[in-house]
Each structure stands twice: as structure tokens, then as C-alpha cells.
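Thanks for coming, everyone. I'd like to walk you through one model today, so please have a look at it with me.

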Amino acid sequence: FLWMFFVAASHIVPEPAAVPIPLARLAFAAWLLTLPWNGCARHLHRLSPIVIYAGPVVLWCSFLLLLDGVVPFQLVFSFLICLITYAQVMRAPARPHLLLLFLALGGAYAAVGYWGLRTGLPVSAEVYEVYSARAHMSFQRVGSGRGDANTAALTLPFFMIGCFVLACSARHWCATARYRRWFSWLGPAAMALGAPPLAATVSRGGAYTFVLSCGGLLLGSLLAPPRERRQLCRVWTLAPVAVLAIVFTSTLSGDRLPEVMRRFSIRNAVNARAGGPALLSGRTDTWERHLRIMLTYPLAGIPPGEVWDFGGYGVSVIGEDENYSLAHNTFLQFGTSAGVPGFLMFLALFFKAPLDLLCRRGVAFAFPFIGAMLPVLFGFMSLTAVSWKTFWALLALLVGLNADAAVPARQGRLPVAWRSVPPGHTDD
């Protein structure tokens with residue numbers, strides 16, 4: 001549980017000055033040193049499913065980076081996080097839903113900076129002004145920890161949606177009625193805690209991610225088979241409660257809807273580009289140019305040092321950090337950096353695990369895990385986050401569930417905690 005929490009939190013928690021290495025590497029070193037006693041050693045021989053699943057795209061991208069003279073440290077380290085998480089999942093003594101819960105709760109730190117500013121607490125926050133000469137107005141963006149506002153905007157929807165889907169499906173994974181009642185309030189509470197900080201980031205990608213994820217949950221509950229659709233009805237009963245909770249905390253913090261809309265209108269003016277929709281200004285032209293890069297260099301992506309004109313962004317030199325223009329789309333970023341093979345391999349990596357879980361375990365069991373993937377999907381469509389450790393940990397959790405579900409004969413020997421709770425079952 002602590003590993004899952006730490007993986008998500010380490011992406012945004014500020015690095016302590018007294019610690020000589022980043023927190024994520026410190027966690028890896030601690031896990032490695034305690035390997036003889038932490039219970040993962042006897043499960044290392046079962047890593048083949050995750051290696052076969054995620055290894056090809058990591059090897060291909062690492063090979064191309066090495067040819068360019070770049071050490072693929074971030075990608076390899078993310079893959080190590082994935083392997084360790086898979087080993088933890090294999091030895092997990094509790095339900096996988098609780099592992100997902102702690103992974104989601106680790107993202108709650110993205111809200112600390114905002115609420116710290118509102119309450120005067122001495123917590124780390126990133127605040128910076130953005131000025132629009134066209135609109136002659138300015139606004140503040142607020143982030144948390146060591147990340148900027150975009151890092152918080154990527155993390156907060158996962159925290160809110162992850163807690164919400166677990167609250168909606170509590171009757172399927174929490175066998176005690178008393179705890180189910182407590183967990184039912186988890187979703188609205190997470191929404192109330194995370195929505196004002198998300199609005200304060202003034203990130204259009206974060207806003208799109210949250211809104212589209214909520215729409216995907218509601219649509220998915222309607223498209224489920226009739227028998228399982230009744231089991232997912234709590235999505236519709238808890239949604240109004242979550243909306244009221246968001247309105248209450250937004251009013252309490254002073255970030256009412258007109259003020260939020262004013263910030264986003266200025267943000268659109270700041271990023272205005274000719275020829276794109278207002279809500280996607282500054283994005284569509286970037287996606288178009290990165291798609292052209294992928295199609296121009298389909299085998300291995302653009303060579304290092306190649307000059308490419310990014311239109312309104314000026315001339316960028318691919319491969320040099322100081323002039324590098326990101327795709328603001330993780331899928332396209334793989335295509336730009338690793339060609340069409342890297343793009344297709346990452347698509348398969350992303351979608352195969354949740355679809356396999358849906359086919360093998362059914363809608364009711366898979367709903368919270370696929371629901372937690374929605375903010376990752378929409379976040380990847382608007383932001384570049386190849387090394388986001390939360391995604392790699394969630395991927396390991398899904399592959400671990402599929403590995404056990406693929407062998408029906410072993411189902412009887414699985415711990416009770418790994419089996420879905422029959423509807424209506426209680427311990428009290």
C-alpha cells in the first residue's frame with residue numbers, strides 16, 4: 001500500500017534538501033536493499049508477463065535513444081517502477097481495489113499547494129503570473145510541490161476520478177456494510193478537495209481530462225449490459241452529491257464559476273493561434289506538426305539536430321532540450337521520437353490491458369480500473385507525460401490482474417482478497 005502511495009506522490013512531492021537523490025530513486029534503492037525481506041523476491045520469477053507486455057516499446061525507444069547518444073534513464077526507470085509494482089501486486093495480501101485506492105490517494109498532494117495558500121499553511125506551492133497583451137489582463141496559475149501547474153493538472157483528475165469510481169463500486173470490493181458506507185463518501189470528498197485546485201491550475205488539458213472522464217464514466221455505465229448496469233447505478237446517485245460538494249468548496253474558496261471562466265478565457269487569448277478552435281488554441285497546430293514529423297520520419301522518428309519549423313512557435317531543434325517543442329500529446333510524442341513502430345507499440349501497451357481485464361473479469365469488476373484509466377487517457381491526449389510513474393504503476397496493476405485471471409484453474413487457490421465480492425455479500 002505504501003509503495004503505491006509513494007509512487008504517485010513522488011511525482012509531485014518536493015524533494016527534501018537533506019536527501020541526495022530524488023524520492024522515487026530513494027524508494028527504489030530501499031526496495032532493492034530490503035529485497036531479501038520485503039516478500040517480493042519469491043515473485044520475481046513471475047515477472048515474465050509484464051516484461052513481455054511492456055518490454056518491446058521500452059527496448060525500441062531505448063535503442064533509438066542510445067543511437068542518438070542519449071541515455072534513456074527516465075524511460076528505463078519508469079519501466080523499473082512498473083516491474084517493482086508488478087511484483088508488489090503479485091504478493092498483495094489485500095484486494096487490488098485497495099492498491100488502486102492508495103495509488104489514487106498519492107495524487108492528493110497535488111491539492112496541498114492550493115489549500116495551503118488558502119489556509120496559510122507552510123506548504124510548497126508554485127504560483128506564477130500569466131499576462132495576455134491581447135486581452136490586457138493577467139491571472140495566476142497555482143501548482144503544488146516541485147511540479148508546475150501542468151503537473152498538478154495531470155495528477156488531480158486521476159485522484160478525483162480514481163476515488164470516485166472506487167466509491168461507486170464499493171459494494172463489489174468492500175464486503176463489510178459499515179465500511180461501504182464510509183467509502184461511499186470518498187468519491188464526493190475527493191471531488192470537493194480536488195476541483196478548486198484543478199481550476200486554479202488554469203490548465204485546459206486538466207479541465208478537458210476531468211470533464212471527459214466524468215462523461216466517459218456516465219456513458220460507460222449506460223452502455224454496460226443490463227444486469228451489470230444495475231450494479232453501476234451508484235455512478236448516477238453519487239454524481240449529484242459530487243457536484244454539490246464541488247460547488248460548496250469552490251464557493252468556500254472564492255473560486256466561483258465566473259472567475260474560473262474568466263481565467264480560462266484569458267488563457268485562450270494567451271495561446272491564440274490562427275486556424276484552431278478557441279478551446280484548443282495552441283494545441284491543434286502543434287499536434288498537426290508532430291503528426292507530420294511522424295509521417296515524414298516513419299521508421300525511427302526525427303533525427304537529432306533536425307530543424308523543424310513549428311509555425312507560431314518558431315524554429316525548434318529536435319533533441320535539444322532548450323529548443324524542444326513537446327507534442328502536448330503522449331501518443332504523438334512516441335510517434336515523433338520513435339516513429340510509427342513506437343506509436344503503435346505504445347497504443348497497444350495502453351489499450352490492451354484494460355480491454356483484456358474487461359473481457360476476462362466482466363464490467364462490474366473492471367469498472368473502477370478502467371474508470372481510473374480514463375483520466376490517464378485524456379491526460380495523455382493533451383499533455384506529454386512519458387515518465388509519469390502513476391501510469392506505469394497502474395499498468396502493472398492491470399497486467400497483474402490479467403495474469404491471474406488468465407488461468408481459471410488457479411482461481412480457487414487465489415486469496416479471497418483477489419476475488420470480486422459477490423453483489424449483496426456482507427460480513428456483518
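Let's start with A348, which is partly exposed because its relative accessibility is 43%. On that scale, buried means under 20% relative accessible area, exposed means over 50%, and partly exposed is in between, using a 1.4 Å probe and protein chains only. A348 is found in helix α16, residues 330–361. When I say helix, I mean a DSSP run of H or I with at least four residues, while a strand is a run of E with at least two, and both are numbered from the N terminus. Which residue sits 295 places from A348 in sequence, yet 9.2 Å from A348 in space? That is Y53, with the distance taken C-alpha to C-alpha.

Before we go on, a word on where this comes from: this is a predicted model, local features need a pLDDT of at least 70, side-chain atom pairs count only at pLDDT 80 or more, and totals for chains, interfaces and linings use all residues. Residues are numbered from 1 along each chain as its sequence is written, and side-chain values use heavy atoms, with hydrogens and water left out.

Now stay in helix α16, where we also find A338. Is A338 buried or exposed? A338 counts as buried, because its relative accessibility is 1%. Leaving aside neighbours within four places in sequence, A338 is in contact with W60, C61, L64, L299, A300 and G301; contact here means heavy atoms within 4.5 Å. A338 and F63 are 275 residues apart in sequence, and their C-alpha atoms are 9.5 Å apart.

Step back to the loop between β4 (315–317) and α16, and you'll find L326. L326 has a relative accessible area of 39%, so this residue is partly exposed. Not counting residues up to four places away in sequence, L326 touches T286, H290, Q333 and T384.

On to the aromatics. The whole structure holds 18 aromatic pairs. Rings of Phe, Tyr and Trp (its six-membered ring) pair if their centres lie within 6.5 Å; planes under 30 degrees apart are stacked, over 60 edge-to-face, and the rest tilted. F391 and W392 make an edge-to-face pair, 5.3 Å centre to centre with 65° between the planes. F391 is buried because its relative accessibility is 0%, and W392, with a relative accessible area of 1%, is buried too. Both F391 and W392 belong to an aromatic cluster that also includes F158, F331, F334, F346, F350, F351, F380 and W388.

T390 lies in helix α18, residues 389–405. At 2% relative accessibility, T390 counts as buried. Beyond residues up to four places away in sequence, T390 touches V7, A8, L103 and F158.

Next, a helix pair. The axes of α11 and helix α17 (residues 363–382) come within 8 Å and cross at roughly 150°. Those axes are lines fitted to C-alpha atoms, for helices over the stretch in contact, and angles run from 0 to 180 degrees between N-to-C directions. Which residues of α11 meet α17? They are G205, T209, L212, S213, G216 and L217, and on the α17 side we have F367, G371, L374, P375, F378, G379 and S382.

In the loop between α10 (186–200) and α11 (204–223) sits V202. Most residues other than glycine have a negative phi. V202, however, has a positive phi near 50°. V202 is also buried, because its relative accessibility is 0%.

Finally, the overall picture. The chain has 18 helices and 4 strands, and buried residues make up 52% of its 428 residues. The average pLDDT, the predictor's confidence in each residue from 0 to 100, is 75, and 72% of the residues score at least 70.
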